Amino acid sequence: MGIASKLDTVAGRFYKNVNRVPDKEAIWCDGEKMTYRQLGDFVSRYANYLVSHGVKRGDIIGIPMNNSIESAALIMAAASIGAGLAPINPTISVDQVDTAFRSGKAKHLIARSAFYRQIAGRNMEYLNGLKLCLDKKIDGADSMEDVKSQSTVRPSLEEIDGSETLILTMTSGSTGDPKPIELTQNNKLKRADAHVRLYSITENDRILAATPLYHSLAERLVILPLLIGATSILLPRFTPQIWMNCVEQQKVTFTIVVSAQLSQMVQLMSSPFAPDLSTMRSIVSSSALLESHVRAELIDKLRCDFNEMYGTSECSTITSINFHEAAHKTNSVGKPLPEAKIRILKDNGTETEIGEIGEIACKTELIFNGYYGMPEMTEKTFTKEGYFKTGDLGRVDEDGYLYFCGRKKEIIITGGINVYPKDVESAVLTLPEVKECAAFPYLDERLGEIVALAVVCKDGQQLTKRAVQFCCAKKLADFQQPHKVFFLKELPKNAMGKLTKNKLPEAVAGMQG
Amino acid sequence: MVKNFILNYIQREYALSENIDLDTFNYIKTGYVDSIGLVQFIVTLEEEFNVEITDEELADERYQILGEMIKLIESKASAK
């Protein structure tokens, strides 16, 4: 097998493990599994297919991504040839797909037949490269047979040096101005290594990814084990029962979950019929703050290391706390990683005093490579000293522990996924009856927050909740759907006429929605 | 038509196995439609077939079975 790239690249480290532990289980997903040798062969075939069908170093492949061995193999195959992926949520509308792929400058497309049907007739002339259909033979696209017929010899190519874009994380299917978060191979490597150190991950770990692969968390949890010779356990679909059964059956030892998943599971954990989670040595909660009563229950119930992390896609993990070690700081999100420094900033950009609330800003070795193709936008999000402004509010105590105190930025986090209110509002404003509207977070036991909408109709016009939901079902992705719709005579505004969204929960209190 | 529409919708991300039994397959418990995706699933069916699914029907675990949901939509659509 030819080795064309330096060993310390994503693919280089993967192939080192292919050589070192060929018969070890590399990946399991939904009843299928592959050893490192088998996965290595598949990755090589995929890479050879991509190269022989015109994918070049630096090209971007658009892909509505599901959780599967094929998706994991594609990440490695793209890494091995220096191509990048723009993974998107398969449920987003055609308009959102178009916006996402244009902003990511996608040239090639890999998707299931349902997606090709969805975009048929839409002019996406920029997708003038490879087209692969993952599940069926269709006109105008290759099939997986074309991948499987390729050689298992690793393609010999110009040197890959790790500076290549590997993943463009689309900011949650924004219809407005998406900001693709660019992560290079080097970004991904640094982040993986930092987490290996932080959570003492070894090649003996069996690492579970149970969130969508089109988000950075699952990408990290799939790439990381393959870089160190551990085993990746990939769940395609989540329910609390499925997750817990998987941990027991696949003897999972480590995972990072989104807090909404833990909230859904905490009750089931108390059941006498709950699956055995004793192989789990460490769980990390992420994406949104755990509710304090859920956190307290988990600290009590979990026998393994229980951690909570705080971070952003741009910065990766910024702080982390192990609740069993820092029992006196359980309301905190922990101390910064060795790779990161934080500052709390006042509105004027100067630093706050200890304990004072301000915007969390972070300088870290794990920083992203920028918003793809948007250098000015990227520069705006940093201070002059190179600290990334997160848009979150927090304070630091005298021991250096960070406390999350809310969000400056307008965002709803539902089931661990960011929803930008502007995206929902833009869709709803296309209804001719709507004068103005505002999307806001509404507390929910299962998902943490759900999308709620306050709508003001034009004089003499009326709308039903269903009509609003029909509009959103067509224009928006699954996680962006409003669960609650409130019709108001007016939106709460301040004396200057500016919308005060934080008054909306009060304005709709007692209403059905 | 209802059956094909629902089957295509459910399989946007993941294929169902070929020998699936529609009369026992629970699309919620198997995660094919989750808490995040439920609103869009129901609203899409309502809009496509011009029907309304009541809160009681949504809460009824019977309609988490794929075959039952297909029958429900078929009977509502044909009653129009």
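Across which strands of chain A does helix α3 (residues 69–81) of chain A lie? Helix α3 of chain A lies across β1, β2 and β11 of chain A, running at about 135 degrees to β1(A). Here, axes are lines fitted to C-alpha atoms, for helices over the stretch in contact, and angles run from 0 to 180 degrees between N-to-C directions. Two residues are in contact if their C-beta atoms, placed from the backbone, lie within 7 Å. Helices (H or I, at least four residues) and strands (E, at least two) are DSSP runs, numbered from the N terminus.

This is a predicted model, in which local features need pLDDT of at least 70 and side-chain atom pairs count only at pLDDT 80 or more, while totals for chains, interfaces and linings use all residues. Residues are numbered from 1 along each chain as its sequence is written, and chains are lettered from A and ligands numbered from 1 in the order in which they are written.

**Chain A as a whole**

Chain A contains 15 helices and 25 strands. Its radius of gyration, taken over C-alpha atoms, is 23 Å, close to the 24 Å that the globule rule (2.2 Å times the number of residues to the power 0.38) gives for 513 residues, so chain A is as compact as a globular protein of that length. Of these 513 residues, 51% count as buried, meaning that 20 or more other C-beta atoms, placed from the backbone, lie within 10 Å of the residue's own.

**The nine-stranded sheet**

Nine strands of chain A form an open sheet of mixed pairing, in the order β2-β1-β11-β10-β12-β13-β14-β15-β16. Two strands pair if DSSP finds at least two bridges between them. At the edges stand β2 (32–35) and β16 (335–336) of chain A, each with a single partner strand, so one side of each is left without a neighbour in the sheet. Helix α2 (residues 36–52) of chain A lies across β1 (25–29) and β2 of chain A, at about 90 degrees to β2(A).

**Strand pairs**

| Pair in chain A | Sense | Bridges |
|---|---|---|
| β10 (residues 206–209) and β11 (residues 231–234) | parallel | four bridges |
| β23 (residues 434–444) and β24 | antiparallel | 10 bridges |
| β24 and β25 (residues 482–487) | parallel | five bridges |

Seven of the 10 residues of strand β24 (residues 448–457) of chain A are buried, so this strand is largely enclosed by the rest of the structure. A hairpin through three residues joins β23(A) to β24(A). In β24(A), A:V451 is the bridge partner of A:P441, and in β25(A), A:P482 is the bridge partner of A:V451.

Technical notes: Buried ≥ 20, exposed ≤ 12 C-beta atoms within 10 Å, placed from the backbone.
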